[in-house]
Number of protein chains: 2
Amino acid sequence: MSQLDDVLAHIDADQPQALERLFDLLRMESISTDPAYAAECEKAADWLVEDLKSLGFEATRHDTPGRPMVVAHSGGSGKHLLFYGHYDVQPVDPLELWTRPPFEPMIEDTPHGQVIRARGASDDKGQLMTFLEACRAWKAVTGALPANITILFEGEEESGSPSLIPFLEAHAEELKAELALVCDTGMLDRDTPAIATRLRGMLGEQITVKAASKDLHSGAFGGPAANPIRVLAKILAGLHDTEGRVTLPGFYDGVADLPAEIKAQWDALNFDGEAFLGEVGLKVPAGEQGYSALEQIWSRPTLEFNGIIGGYTGEGFKTVLPAQASAKVSMRLVSQQDPMTLRAALRAYVESCLPADVTVEYKPHGGSMATELPTDTPEFTAAQAALTEEWATEAVFSGMGGSIPIVGHFRKILGMNSLMVGFGLDDDQIHSPNEKYELRSFHKGTRSWARILEALAKA
Amino acid sequence: MSQLDDVLAHIDADQPQALERLFDLLRMESISTDPAYAAECEKAADWLVEDLKSLGFEATRHDTPGRPMVVAHSGGSGKHLLFYGHYDVQPVDPLELWTRPPFEPMIEDTPHGQVIRARGASDDKGQLMTFLEACRAWKAVTGALPANITILFEGEEESGSPSLIPFLEAHAEELKAELALVCDTGMLDRDTPAIATRLRGMLGEQITVKAASKDLHSGAFGGPAANPIRVLAKILAGLHDTEGRVTLPGFYDGVADLPAEIKAQWDALNFDGEAFLGEVGLKVPAGEQGYSALEQIWSRPTLEFNGIIGGYTGEGFKTVLPAQASAKVSMRLVSQQDPMTLRAALRAYVESCLPADVTVEYKPHGGSMATELPTDTPEFTAAQAALTEEWATEAVFSGMGGSIPIVGHFRKILGMNSLMVGFGLDDDQIHSPNEKYELRSFHKGTRSWARILEALAKA
């Protein structure tokens with residue numbers, strides 16, 4: 001047997017103990033957004049420091065104005081990797097929708113097999129422990145890790161990461177590595193492992209259209225008085241054409257066509273857009289015509305309306321002409337689309353739509369470019385092969401519709417790319433009641449990292 | 001001196017006592033919408049019954065499932081007229097915005113002269129008392145009224161008049177007259193008396209557009225998932241053209257052109273649309289191009305958006321794709337526009353805008369045709385001359401942007417037209433804190449009715 005086979009065998013044998021450790025961590029109520037749970041967050045950070053020390057890491061808890069960071073170094077030679085995860089979890093309300101206490105982890109049988117049920121089981125305690133268990137196995141079997149590993153565990157990921165950027169900047173030298181490993185994403189489906197390589201950027205703008213100095217009676221003023229809802233509806237309605245394309249001038253500047261080989265890969269996935277939409281009561285992809293649902297989410301930019309309000313919105317009728325109406329507009333960006341340029345284009349368009357007497361106010365929100373990671377490096381290729389070996393299904397380079405800000409920070413502040421590998425499933429109910437992580441995800445996730453570590457060391 | 005001169009002189013001399021009587025009525029907290037004030041409404045009804053008896057009327061309080069009606073008959077010969085007013089008032093909150101207690105009436109000096117400050121001073125206690133004081137003066141001076149007068153005072157006008165239609169139907173024979181007199185409207189301006197002869201009809205529809213079975217994450221679903229706000233914006237934006245005309249097929253069917261002589265009258269008013277809009281921070285008439293602001297309000301139909309809501313509307317951003325979005329749409333109707341036909345047209349249009357996966361639900365509200373009263377009858381001509389004489393400014397036949405349902409009921413159930421004369425001013429703050437009625441309105445209003453009664457008797 002190879003060394004790796006021994007490591008994998010050790011992982012299999014050690015599963016009961018590995019679960020005990022994960023359960024210890026899951027019992028800590030490390031909700032970061034609520035100061036009442038600050039001590040629980042510190043407890044989780046301390047537990048991780050101790051566990052890392054038991055693996056031979058030099059581990060330190062770094063207090064911040066918010067929740068502590070945990071940083072650890074294995075030292076040693078070989079490729080230098082930074083592993084990132086977060087030990088904080090989402091709040092648990094509505095508590096009454098949980099079938100069991102969220103911080104009393106338990107193995108449950110389900111039609112899909114056994115699952116670990118607890119807040120944080122998937123996001124992100126179960127995921128980060130897959131990496132630590134892989135390290136533990138390597139250490140137990142060989143006495144050393146296959147690479148020089150630095151660990152960063154954050155405790156504020158679920159509450160906007162207020163301490164993260166200053167911490168990365170202050171500890172840039174200590175945290176810099178050749179490649180970051182991020183375990184906070186998911187599988188493509190139950191059997192197909194994925195490396196997320198495309199994340200969309202984001203840009204939000206709240207648009208408030210104002211006319212009269214107060215709400216008016218539509219009998220007395222209906223006709224001559226400008227109606228902000230009408231103006232806002234015209235603004236929003238003018239932002240897409242009948243083909244689902246965004247009409248904002250310059251919107252598609254910098255949007256690269258999907259490389260043919262990636263498109264071929266994605267087509268080979270046989271992603272069932274209808275089934276995907278069917279889960280939420282829809283059927284027909286409503287986005288840009290000429291693109292599959294998968295392409296629309298993973299590779300195309302969007303402009304969406306997230307909220308709208310104006311006038312009387314209670315029961316029954318009040319025939320007011322409102323003084324103002326407001327909409328929240330957001331864009332998901334890809335390739336080289338520039339959020340600042342697009343914010344300016346949106347504002348210029350809005351202003352071109354304003355009739356006499358109507359003014360507009362804006363509230364900007366966010367503004368981040370898309371991230372596209374190179375997939376043709378030896379590391380990505382090696383990781384893909386390792387995942388494929390473990391799952392016996394070819395690992396895919398996937399896109400993600402949303403954003404994972406840490407990846408942008410690592411690139412910008414620490415100058416390194418991120419390998420995003422995770423074992424979550426779409427139905428893990430992260431951020432919702434009854435979160436779970438499949439036992440298979442935990443077990444094969446651990447085995448996957450054991451393989452990836454060896455593969456990267458050799459890459 | 002003529003008999004009328006004696007009556008007018010009596011009114012002038014009796015002003016202090018007339019004010020005392022009005023103040024007695026204003027002290028009653030006859031808020032109809034709140035059951036806690038039911039006894040106060042009954043007190044006001046009883047007070048009116050007693051006052052009418054003192055004028056020689058045969059007066060009766062009729063209890064209803066809601067607040068009482070007061071019906072009274074003068075008997076006698078001459079033209080048979082029905083006078084309508086309402087003794088109930090709007091609630092007073094927010095009480096803290098009143099400069100003095102709303103049910104402790106007081107004369108206040110203002111830059112425009114003295115005003116009666118109290119809830120109901122203008123709407124409608126002060127107005128209805130102008131008519132009773134005119135009757136009192138006729139009775140005091142001549143021993144009789146110049147016409148056969150029936151009185152109907154309602155106590156539910158400010159709470160939707162739930163008992164009105166059944167009451168009118170049950171007492172149709174008793175209430176039928178040659179002409180109704182309604183004192184619940186206003187002057188054109190401080191110096192120009194008006195007879196309201198055009199009221200717009202109304203039609204409301206709440207449109208709720210639904211797509212996914214729940215709110216979605218715009219990262220995960222943005223693109224392929226239908227967005228109800230986007231669909232709703234397209235629906236609303238398609239309802240007006242760039243000239244401000246409503247594009248709904250058939251919308252202008254039955255809309256009559258304004259007769260040339262009425263247009264000439266209105267043009268002669270030199271109504272300052274810019275000043276009218278200036279009061280509420282606007283300047284440029286936003287309605288149908290080619291029509292003045294006055295024509296837009298008095299003679300043209302409108303389609304307005306009174307409220308809209310969907311998705312996340314709190315502080316900051318949530319990048320949801322909402323499951324639904326909803327708008328309240330209302331139309332003001334003129335001439336022969338048919339509300340039921342237009343509701344069907346609106347729904348057909350909405351359905352023509354729905355893409356795949358999107359459904360719609362409606363909640364209808366109201367639905368009344370416009371009222372246009374004939375102005376070329378001897379009664380209207382006589383009343384106009386009487387008002388002109390009193391105010392030394394030519395009385396106008398005015399339109400109203402809103403609706404006064406009683407006028408439609410009188411026509412439909414009792415088969416008679418209504419002469420709408422009132423002395424309110426735009427700044428009377430009816431329905432708002434610090435309601436007032438100008439002392440001049442009360443005094444010259446009383447004199448106006450004294451003149452109108454004689455003029456109608458002779459017409």
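User: In this predicted model, at what angle do helix H2 and helix H4 of chain A pack, and how are they oriented to each other?
Analyst: Helix H2 (residues 15-26) of chain A and helix H4 (residues 125-142) of chain A have axes 10 Å apart and pack at an angle of about 140°. Angles over 145 degrees would count as roughly antiparallel. H2(A) and H4(A) are therefore described as oblique to each other.

User: What is the hand of that crossing, and how do the residues of the contact of H2(A) with H4(A) divide by class?
Analyst: The crossing of H2(A) and H4(A) is right-handed. From H2(A) the contact draws on A:Ala18, A:Arg21, A:Leu22, A:Leu25 and A:Leu26, while H4(A) brings A:Lys125, A:Gly126, A:Leu128, A:Met129, A:Glu133 and A:Arg136. By class, the residues of this contact divide into six nonpolar, one polar and four charged.

User: Which residues does B:Arg136 contact in chain B, and is B:Arg136 buried or exposed?
Analyst: B:Arg136 lies in helix H4 (residues 125-142) of chain B. Leaving aside neighbours within four places in sequence, B:Arg136 is in contact with B:Asp14, B:Arg21, B:Asp51, B:Ser54, B:Leu55 and B:Met129. Because its relative accessibility is 12%, and the cut-off for burial is under 20%, B:Arg136 counts as buried.

User: How are helix H1 and helix H15 of chain A oriented to each other?
Analyst: The axes of helix H1 (residues 3-13) and helix H15 (residues 439-458), both of chain A, come within 10 Å and cross at roughly 160°. Since angles over 145 degrees count as roughly antiparallel, that crossing angle makes H1(A) and H15(A) roughly antiparallel.

User: Which residues make that contact, and how many of them are nonpolar, polar and charged?
Analyst: H1(A) passes H15(A) in a right-handed crossing. The contact is made by A:Leu4, A:Val7, A:Leu8, A:Ile11 and A:Asp12 of H1(A), together with A:His443, A:Thr446, A:Arg447, A:Ala450, A:Arg451 and A:Glu454 of H15(A). Sorted by class, the contact of H1(A) with H15(A) has five nonpolar, two polar and four charged residues.

User: How many residues has the largest nonpolar core, and which residues does B:Met331 touch?
Analyst: The largest nonpolar core has 106 residues, and those with the most contacts inside it are A:Leu236, A:Leu248, A:Met331, B:Leu236, B:Leu248 and B:Met331. Leaving aside neighbours within four places in sequence, B:Met331 is in contact with B:Gly201, B:Met202, B:Leu203, B:Leu248, B:Phe251, B:Thr302, B:Leu303, B:Leu342 and B:Leu346.

User: Which residues of chain B does A:Thr302 touch?
Analyst: A:Thr302 is placed in strand S11 (residues 302-311) of chain A, and at 6% relative accessibility A:Thr302 counts as buried. Not counting residues up to four places away in sequence, A:Thr302 touches A:Arg200, A:Phe251, A:Ser330, A:Met331 and A:Arg332, and from chain B also B:Gly222 and B:Gly223.

User: Where is the cis peptide bond of B:Pro94, and what is its omega?
Analyst: B:Pro94 has its place in the loop between strand S3 (80-86) and strand S4 (106-110) of chain B. The cis peptide bond joins B:Asp93 and B:Pro94, and omega is about 5°.

User: What is the phi of B:Asn270, and is B:Asn270 buried or exposed?
Analyst: B:Asn270 lies in the loop between helix H9 (260-268) and helix H10 (273-278) of chain B. Although B:Asn270 is not a glycine, its phi is positive, at about 50°. With a relative accessible area of 64%, B:Asn270 is exposed.

Terms used
Residues are numbered from 1 along each chain as its sequence is written. Chains are lettered from A and ligands numbered from 1 in the order in which they are written. This is a predicted model: local features need pLDDT of at least 70, side-chain atom pairs count only at pLDDT 80 or more; totals for chains, interfaces and linings use all residues. Side-chain values use heavy atoms; hydrogens and water are left out. A nonpolar core is a set of buried Ala, Val, Leu, Ile, Met, Phe, Trp, Tyr and Cys residues joined through side-chain atoms within 4.5 Å. Buried means under 20% relative accessible area, exposed over 50%, partly exposed in between (1.4 Å probe, protein chains only). Contact means heavy atoms within 4.5 Å. Axes are lines fitted to C-alpha atoms, for helices over the stretch in contact, and angles run from 0 to 180 degrees between N-to-C directions. Helices (H or I, at least four residues) and strands (E, at least two) are DSSP runs, numbered from the N terminus. Angles under 35 degrees count as roughly parallel, over 145 as roughly antiparallel, 65 to 115 as roughly perpendicular and the rest as oblique. A crossing is left-handed if the near helix is turned anticlockwise from the far one by less than a right angle, and right-handed if clockwise. Ala, Val, Leu, Ile, Met, Phe, Trp, Tyr, Cys and Pro count as nonpolar, Asp, Glu, Lys and Arg as charged, and the others, Gly among them, as polar.
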